[in-house]
Amino acid sequence: MCGIVGYIGNNNAYDILIKGLHRLEYRGYDSAGVAIVSPEGQLNVYKSMGKVSNLEAYCKDKNKEGVIGIAHTRWATHGEPSDCNAHPHFSEDGNIALVHNGTIENYKVLKEALLQHGCRFHSDTDTEVLVQLIEYIRLTNNCSLLDAVREALKEVVGAYAIAVIEKNNPDQIIAARKSSPLVVGIGEDEMFLASDATPIVEYTDNVVYVKDEEIAVIRRGEPLKLVNLENQEAEIDVKKLKVSISELEKGGYDHFMLKEIFEQPRTLTDCIRGRVVEDGRRVLINGVSDNKEKFINAHRIIIVACGTSWHAALLGKYLIQDMCRIPVEVEYASEFRYSNPVLTSNDVVIAISQSGETADTLAAIQIAKKMGAFVYGISNVVGSSIPRETHSGTYIHVGPEIGVASTKAFTGQVMVLTMVALAIAELKGTMTQEQIAELGKVITKIPDLVSQTLKLNDKIKHLSLIYTYARNFLYLGRGYSYPVALEGALKLKEISYIHAEGYPAAEMKHGPIALIDAEMPTVIIAPNDHLYEKIVNNVQQVKARHGSVIAIVTEGDTEIRNMADHVLEVPEVPECLTPIITSIPLQLLSYYIAINKGKNVDMPRNLAKSVTVE
């Protein structure tokens, strides 16, 4: 949540900062701001409520000259969205400007102490407390900005990624992180700073991922320097980016979300490549084979995740229990960390996060490691925190996902979990080689089957017009289709703001059936699996109460077709692979309903792509 950009070099900082903010706007879009040191030595801070385009309009006639600056796009935590609460925040003497992602948990205590020393505050944010604390320490101790930042961060409880500049030293940016991502890009006679690599890839492919409680000292004409809070130098590990500019553009689509839905045949191909080999006869997951004793001897697997990743985790439970016969528990990472969990060295914890930076999931990982469990990460972003914090893991390799509502990352997570389950099953001998090969061959065909499913686009676009102004939706599924129902409901809520609930279909009789009437559409996921006859019964129950039914069925279905109001046919696949196929129509339905309602599907209100704060 929130996005930081920084630049120091010989080019106009404003142009680079604004472009970077646009690339990071999916991380937050309540307000935005820039701080630039001008050639005359002035610290110019410009801020505006709303999206980055509002900031651009505000800055149109302002002095934007300068070759060093920092910028921020905000997702509000402390204080409502406003010009005043927007970042950057600056010190009382106007010498220091700071941008911040994260939350300072003890900001009230720090603020009270600073008030007693005569400090005045102009915003409701925790961030202003931090910049005033840095200024107070610097003036009191007559120390450098680096030392003031180090001492201030020792007093901070919470999460942060910060960037700080000062008008009296236009050749330096100080940046630091703890539990919130920060990356430095190294170019020719210039350096870049950002919350993730998306604003940097256009300029350099050499990056350094700042680690927890490290401070980056970025000085003009000098190599990057990293120190810890005790001012001890840290090793610099330069990584090569593997992201292209084309992946960050819409590519002719109206929205990133639609582009990412239609990218899934390619992204699933990338996800599978090199892992399902020999025409499907073998599944190679290095993170599993390199730690085979951990998986073979696991007494239990606990999967922790949040949001869409939690729905993928539920599918992971079905997959691993079915294929590997290991008991699996699925926990919300946000609850796991406060539930006083019981873990042993015989447990495996699988942590799933698209961004690799989800704060609650990172906290769950730290707890699991402390208690001796083996921790396996599944993430999309190379070099993010979760791959660094876990013992081993697997990348989903679906490329940058810009749309806030996850689509291709979800199917990538489910595919990786499927392959992980098959790899464990082979190690444990719970599936025969023939069974594994049979599934492996179908997995290699999944991208083509997804392409076939995407041909429903025009039909779903037309169907969405019928249900655009529904006020509530019910989503039902059984077995593997239950998590798909949850995910379909979440997508609709996220981008159309229509209230939607997902339920195990058998639970409909235990309460939700009271809601069924002619005004309550029900989406029923009903592929041809071993629970098909039971889901037919649910369709009958909805129709008996005059409810309208949108059914997702396997090609050739006749029984539900004769009862449902609308039927979307998808290709037939083995039961464990149906979620990847059946989730595609639900993504498209949510997208088109939201578009019909005039919503911004890429940047839904109150949401941000990466939840890096509690």
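Author: Let's begin with strands β9 (residues 183-186) and β10 (residues 191-194), which run antiparallel and are joined by four bridges. Within this pair, Val183 has Ala194 of β10 standing opposite. Two strands are called paired if DSSP finds at least two bridges between them, and the elements themselves are DSSP runs numbered from the N terminus, with helices being H or I of at least four residues and strands E of at least two.

A word on the source: the model is predicted, so local features need pLDDT of at least 70 and side-chain atom pairs count only at pLDDT 80 or more, while totals for chains, interfaces and linings use all residues. Residues are numbered from 1 along each chain as its sequence is written, and side-chain values use heavy atoms, with hydrogens and water left out.

The loop between β9 and β10 holds Asp189. This residue is not a glycine, yet its phi is positive, at about 60 degrees. Most residues other than glycine have a negative phi, and most peptide bonds are trans. The peptide bond from His87 to Pro88 is cis, with omega near 5 degrees, and Pro88 is found in the loop between β4 and β5 (89-90).

Stepping back, our pair belongs to an open sheet of eight antiparallel strands, ordered β3-β2-β4-β1-β10-β9-β11-β14. At its edges stand β3 (43-49) and β14 (238-240); each has a single partner strand, so one side of each is left without a neighbour in the sheet. Ignoring direction, neighbouring strands here are turned by 20 degrees against each other on average. Such angles run from 0 to 180 degrees between N-to-C directions, with axes being lines fitted to C-alpha atoms, for helices over the stretch in contact.

Two helices pack on this sheet. Helix α1 (residues 13-24) touches β1 (3-8), β2 (31-37), β4 (68-74) and our β10, and its direction makes about 155 degrees with that of β1. Helix α2 (residues 52-59) touches β2, β3 and β4, with its direction at about 130 degrees to that of β3. Contact here means heavy atoms within 4.5 Å.

Of the 48 residues lining it, Tyr209, Asn380, Val381, Val382 and Gly383 are the closest to its centre. β11 (206-209), β14 and α13 (385-389) each supply at least two lining residues, and β11 gives the most, with three. The lining divides into 21 nonpolar, ten polar and 17 charged residues, where Ala, Val, Leu, Ile, Met, Phe, Trp, Tyr, Cys and Pro count as nonpolar, Asp, Glu, Lys and Arg as charged, and the others, Gly among them, as polar.

For the terms: on a 1 Å grid over the protein atoms alone, a cavity is a set of points where a 1.4 Å probe fits but cannot get out, a pocket is an open set with protein on both sides within 12 Å along at least five of seven lines, and lining residues have an atom within 4 Å of a point. Points are joined across faces, edges and corners, and a volume is the space filled by probe spheres set on the points.

Searching the whole structure gives two cavities of 30 Å³ or more. The largest has a volume of about 60 Å³, and among its ten lining residues Arg74, Thr77, His87, Gly102 and Thr127 lie nearest its centre. His87 also takes part in the cis bond to Pro88.

There is another open sheet too: five parallel strands in the order β23-β22-β24-β25-β26. Its edges are β23 (499-504) and β26 (566-570), each with a single partner strand, so one side of each has no neighbour in the sheet. The twist averages 15 degrees from one strand to the next. β22 (residues 472-477) pairs with β23 over six bridges, and Leu476 stands opposite Tyr503 in β23. Helix α16 (residues 457-467) packs on this sheet, touching β22, β25 (549-554) and β26, with a direction about 150 degrees from that of β26.
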